[in-house]
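Here are some exercises on how the parts of a protein model touch one another. Try each task by yourself, then follow the solution step by step.

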Amino acid sequence: MEWETVIGLEVHAQLLTQSKMFCACPADYQDAPPNTRVCPVCLGMPGTLPVINRRAVEYVIMTGLAVNCEINEHTFFDRKNYPYPDLMKGYQISQFPMPIAKNGWMDLEVEGHTKRVGITRIHLEEDVAKMMHIHEPTGESYSLIDVNRSSVPLMETVSEPDMRSPEEARQYLTKLQSILRFIGVSTADMEKGSFRCDANVSIRPKGSTTLGAKVEVKNMNSTRSVARAIQFEVERQIKVLEQGGRIIQETRGWVEERGLTVSQRSKEVASDYRYFPEPDLPPLVISREQVNTLRKALPELPDALRERFMAQYALPAYDARQLTATRAMAQFFERTVGGNKGRAKAVSNWIISELSRLLAAAQKEVDDYPEATLKTWSTGINQMIELVDAGTISSTQAKAVFDEVFTTGKEPTAIVQEKGLAQVSDTSTLKTIIDDAIAGNPQAVADYKAGKDTAMKFLVGQVMKLSKGKANPGLVNGLLKGKLESLKG
Amino acid sequence: MALSREDVKHVASLVRIAVTDAEVEVLQHQLSNTLEQFESLKELNTDAVQPTSHAVPLSSVMREDKSRDPMPKQDVLKNAPMIEGDFIRVRVVLEES
């Protein structure tokens, strides 16, 4: 039987606010020592009251607008009740019937065609404390809690079950990540846990319109792992069904090292969250004016930017996609090109091949570097293009020079001078060197006269050697050939 | 709407309250009574009425995104049932599979 895969994704992204969701504790918990970003509110002390962080609400509205959602005018928070030690209050403040944003979509480019994936809802909630589970060799088990992460603003984006392959899921995540980074609402870093994805995976006979029992897969820490976990899960489900089994609706955890999913039904009982409107927080009214103001303030989004780069700079689709991977990269490209649109493709080549290679090796991104460094690189790339165009240095030398620009921050012209790299393109100097080479290698000259082509190559090599590699090879070829031909006469 | 003994026990376990059989009996009666009172709302036609989420006439109360110094760590840990290093220590609630 032919099977169809059905995938829906739930993404939790931490928002880049200065303070937490419902209290004024700093939200920068990542590198903080345990329990040092905590106050009575996020510690769930009796008698404390939460207050909504305005920026977090704005960030969810912005995200909603960026993925074509409607923004609910009337919304409120709910209590989601469940007893677990990572929740200090015994409940999580979340949103249930009235999310801030709903009914959106994103277009993906999959194998040459456009695939639209629906976004059911985007709501705002709070993150939970971090737990470490300790298992002593004595058999004793307990958990340690760090409350720092408790109540960091968390935005949950739920997709429609519209994806049909692990690759579509991977693209959906990559695109959502890039949008969140572009509008600056989240670092969207999966490895650091500021962007987490749960995948709902089911299969059904091709052509069927009902959904199969779905399995929720968790614990993936990269977009690649998400694709792998889904692939594994699809194959597992097909095997179960084809052997006459039944898919159990359950939660399974992805085990990266073993490349498989395992059931997580330990003592879990059916969830009974008893949601009800959060009495400690008055409802939110989001005015249409506020929505319009935020819409106008949105930066150019990746898709629009890519199309503009193709139109305005006549770049191929591949270049445009690479250059718009991050907002910082796109800005760097534009500042480097400046008003000189004719140079756009050359700049793009430098960024995509050389700069990207150096950044990848340094495991950094453009926006990890200070403004002054970016300025040096911009100037550097422009100078490199000019130096190569003028024949001052070869393109191979240029790459080595740019390595140096990248690591030392020096200007290319200075490096070229310092290293004495400049090519010798002065004809009279070259002629002198060629005369020396001819005088020193009478046998090769004789071979050339006798019609041996390899002799020419040998003599070019000798000229390059005499010039310490600085002779302009194109000029040497022409001049040497002319000289040798005249000797034949 | 009458609650069964099982309903009462389920709700009690969700909110982590230990109840004796005698208490289950009393609560079953009392809670059923309360729910029956709400049933009387069904007599009204509420088709055109928005569900009420909050009774206080306030909306959109928010704070600016500014952080303040958090509590000193020793105060954070003061009320913890048990601590280990700078962490709060608790019993295992769910075994990780």
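A:L144 stands opposite B:R89, a residue of strand β3(B). This is a predicted model, in which local features need pLDDT of at least 70 and side-chain atom pairs count only at pLDDT 80 or more, while totals for chains, interfaces and linings use all residues. Residues are numbered from 1 along each chain as its sequence is written, chains are lettered from A and ligands numbered from 1 in the order in which they are written, and side-chain values use heavy atoms, with hydrogens and water left out.

**Exercise 1.** Find which strand of chain A is joined to β3(B), and in which direction the two run.

*Solution.* 
Step 1: Recall that strands (E, at least two residues) are DSSP runs, numbered from the N terminus, and that two strands pair if DSSP finds at least two bridges between them.

**Exercise 2.** Describe the contact between chain B and chain A.

*Solution.* 
Step 1: Count the residues in contact (heavy atoms within 4.5 Å): there are 36 from chain B and 55 from chain A.
Step 2: Take the buried area, the accessible area (1.4 Å probe) that two parts lose on being put together, summed over both. For these chains it is about 4,200 Å², 61% of it on carbon and sulfur atoms. In chain B, the residues that lose the most area to chain A are B:M62, B:R63 and B:D65, together 18% of what that side buries.
Step 3: Look for salt bridges (a side-chain nitrogen of Lys or Arg within 4 Å of a carboxyl oxygen of Asp or Glu). The count between the two chains is three. B:D65 forms a salt bridge with A:R55, with the closest N and O atoms 3.4 Å apart.

**Exercise 3.** Describe how domain 1 and domain 2 of chain A meet.

*Solution.* 
Step 1: Count the contacts: seven residues of domain 1 touch 10 residues of domain 2.
Step 2: Find the area buried between these domains, about 700 Å². In domain 1, A:E109, A:K175 and A:F182 lose the most area to domain 2, together 68% of what that side buries.
Step 3: Check A:K175 again: A:K175 forms a salt bridge with A:D303, the closest N and O atoms being 2.7 Å apart.

Note on methods
Helix = DSSP H or I, 4+ residues; strand = E, 2+ residues; numbered from the N terminus.
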